[in-house]
Amino acid sequence: MFKTFAKAIQSLSVALLMGLPMASSAQQLSENASIVVESPWARASLGMSRPGGAYLTVRNEGSEPISLIGLRAEISGMASIHETRTNSDGVSIMAPADNIVIPPGGMFALEPGGYHAMLMQLQSPLVEGETFPLTLLFSDRTELEITVPVLGIGARGPEG
Amino acid sequence: MMRVAKIAAIGATAVFAALFVGWWQVDGPGADSAPGKRSLPLTAMEFSLTDQDGRDVGPETLIGEPSLVFFGFTYCPDVCPTTLSDISGWLDEIGPDAEDLNTVFITVDPDRDTVETMAEYVSYFHPQIQGWTGLPDQIAAIADSFRATYEKVEGENGEYTMNHTAGVFLFDATGRFVTTIDYHEPREFAVPKIRRAMQNRTERAES
């Protein structure tokens, strides 16, 4: 059972490496397999002048807390995690979130309405159907490169 | 006959009760304790903007049909595309009735959001969604009438972002402000609110 599961993940990873835009149940594992990234996706951008937004879920399957401290992407001159907060007057404010602690067994979701990966200074447009690599930086110096499929501008989630 | 009279009496009582509740909430003792936070009715607004096709638009463009109006800007990576996608989903669920619903995205960043930009941006979402822009003082005027706020936040390297009221404003066909739909409010709450605002019109048309 586990073997089949592992195999499925492997084939998914291979598919992602090959650049196929599949997002739904995609999982990407760190080397020590304690960090799992699921369902990454980004919205297509209008050209390169606007910041892009990407979303994903990080699960900590290890026994120690981990901190997600930043992002790096070739496609972006400045990639960072931002939180959208809405204050009591209904005004939405974006604020950088640079130290996200995920407890053992816990998970952290970047999703519309909450946190997002903000990709400033795009070096090339995010084109629907393509993918790009994004590296997640953790406090234990783990760097996990994942492949992010680009969905339409109007996508609502990893399924489109 | 008696039955008809009874139903009429109940109906009249219901109408008076509804009117009373409306008065209580809007002007009466039940009014919002922070005055000025509630949007004006469209009939009390004055503004002149340009839609995605270059046509002049104003409050009169909206009055006559129920309206969904929200503020944003196209350089926004998260809130605005999320809101536009949410609204596209609500319109899909409402189906053909949504054709009678004005759905307007108004930019709070007119320096960057030209008519052409708005046209391209809204084209990626539900075809019913319009994109309006205009002169900064006109954007300020409409935001003020809605009691919406926005401000420019300078970032690094000369880039900037906008903080802005993220909810969706709902007006009935007479232009009366009905309610807001909060940012990213679940569809099962949002769609009934819209349907209610649309119903107001039918009731009024029949009475």
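The link of B:Cys76 and B:Cys80 is right-handed, with 95° about the S-S bond. In this predicted model, the sulfur atoms of B:Cys76 and B:Cys80 lie 2.4 Å apart and form a disulfide (a pair of cysteine sulfur atoms within 2.5 Å). The structure holds one disulfide over all chains. Both partners are buried (under 20% relative accessible area, with a 1.4 Å probe and protein chains only): B:Cys76 has a relative accessible area of 6%, and B:Cys80 has 3%.

Attention now turns to the second largest pocket. About 540 Å³ of space lies in it, the volume being the space filled by probe spheres set on grid points that are joined across faces, edges and corners. A pocket here is an open set of points on a 1 Å grid over the protein atoms alone, where a 1.4 Å probe fits, with protein on both sides within 12 Å along at least five of seven lines; lining residues have an atom within 4 Å of a point.

The lining of the second largest pocket comprises 31 residues, and A:Met78, A:His82, A:Met118, A:Met120 and B:Gly155 lie nearest its centre. Elements giving two or more residues to this lining include β4 (66–72) and β9 (115–122) of chain A and β7 (160–165) of chain B, strands being DSSP runs of E with at least two residues, numbered from the N terminus. The largest share, five residues, comes from β5(A). By class, the lining has 18 nonpolar, seven polar and six charged residues, with Gly counted as polar and Asp, Glu, Lys and Arg as charged, while Ala, Val, Leu, Ile, Met, Phe, Trp, Tyr, Cys and Pro are nonpolar.

Residues are numbered from 1 along each chain as its sequence is written, and chains are lettered from A and ligands numbered from 1 in the order in which they are written. Local features need pLDDT of at least 70 and side-chain atom pairs count only at pLDDT 80 or more, whereas totals for chains, interfaces and linings use all residues, and side-chain values use heavy atoms, leaving out hydrogens and water.

Methods:
Helix = DSSP H or I, 4+ residues; strand = E, 2+ residues; numbered from the N terminus. Buried < 20%, exposed > 50% of the residue type's maximum accessible area, 1.4 Å probe, protein only.
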